[in-house]
Amino acid sequence: MGNLIRCQNGHMFSARRYGTVCPYCNVETATKEKQETGKVSDEIEELLFAQDVLPVCGWIVCISGPRQGKDYKIKAGKNFVGRADDMDIQILGDNQISRRNHGVIVFDSKKKETVLLPGDSNGIVYLNDAAVYMPMTLNAYDTIEMGESKFVFIPFCGDNFMWEDKNK
């Protein structure tokens with residue numbers, strides 16, 4: 001727990017994973033030296049523009065379990081799910097969820113679909129009460145179960161909307 005810090009808005013996050021910029025509000029958590037010298041706001045603005053923005057492609061929302069009501073952002077590509085602070089989707093409070101790679105949620109921008117994969121841990125992932133042993137396509141409002149928690153999948157990208165590729 002020694003690497004957790006709190007931003008000025010009260011969010012707790014991993015300094016090892018995110019540095020000093022809060023992943024929830026994108027505000028740098030100032031150190032005491034920076035607060036005293038007043039250099040915080042210029043550096044925050046610089047850091048915010050330098051950061052890569054990973055656009056949201058969908059969400060899972062916890063509807064049952066220790067984190068009921070919490071939402072988790074799904075980005076393009078692979079999203080590894082677990083309790084460890086280096087997981088793309090970190091679910092705290094449910095010790096039945098493996099620390100690493102309990103499951104994987106993949107948004108495939110070429111196919112415009114989101115897929116649920118089993119992880120490489122001992123934990124089983126369920127989609128609409130069926131165990132996931134191979135890739136399964138997620139549809140709006142599907143129920144995902146991991147550990148003692150249940151989540152609903154909410155898509156954002158797909159046939160109706162896609163982020164434009166900045167490199168084109």
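The chat below goes over an open sheet and a surface patch in a predicted model.

Biologist: What order do the strands take in the open sheet?

Modeller: The order is E6-E5-E7-E8-E11, five strands with mixed pairing.

Biologist: Which strands stand at the edges?

Modeller: Strand E6 (89–90) and strand E11 (136–138). Each has a single partner strand, so one side of each is left without a neighbour in the sheet.

Biologist: Start at the E6 end. Do E5 and E6 pair in the parallel or antiparallel sense, and over how many bridges?

Modeller: E5 and E6 are parallel, with two bridges. Gly-82 has Gln-90 in E6 as its bridge partner.

Biologist: And E5 with E7, parallel or antiparallel?

Modeller: Antiparallel: five bridges link strand E5 (residues 77–82) and strand E7 (residues 103–108). Phe-80 is bridged to Val-104 in E7.

Biologist: Now the other end. How many bridges join E8 to E11?

Modeller: Three, and the two strands run antiparallel. E8 covers residues 113–118. Leu-138 in E11 stands opposite Thr-114.

Biologist: Where do side chains point in a regular strand?

Modeller: They alternate between the two faces of the sheet.

Biologist: Different topic. Which residues make the nonpolar surface patch?

Modeller: Phe-156, Phe-161 and Trp-163, giving a patch of about 280 Å².

Biologist: Where does Phe-161 lie?

Modeller: Phe-161 is in the segment that follows strand E13 (149–155).

Biologist: Why does Phe-161 count as partly exposed?

Modeller: Because its relative accessibility is 32%, and partly exposed is the range between buried, under 20%, and exposed, over 50%.

Key
Residues are numbered from 1 along each chain as its sequence is written. This is a predicted model: local features need pLDDT of at least 70, side-chain atom pairs count only at pLDDT 80 or more; totals for chains, interfaces and linings use all residues. Side-chain values use heavy atoms; hydrogens and water are left out. Patches are made of residues with over 30% relative accessible area and no salt bridge: like charges are joined within 9 Å, nonpolar side chains (Val, Leu, Ile, Met, Phe, Trp, Tyr) within 5 Å. Accessible areas come from the Shrake-Rupley method with a 1.4 Å probe; for residues, only the protein chains shown count as cover. A salt bridge is a side-chain nitrogen of Lys or Arg within 4 Å of a carboxyl oxygen of Asp or Glu. Helices (H or I, at least four residues) and strands (E, at least two) are DSSP runs, numbered from the N terminus. Buried means under 20% relative accessible area, exposed over 50%, partly exposed in between (1.4 Å probe, protein chains only). Two strands pair if DSSP finds at least two bridges between them.
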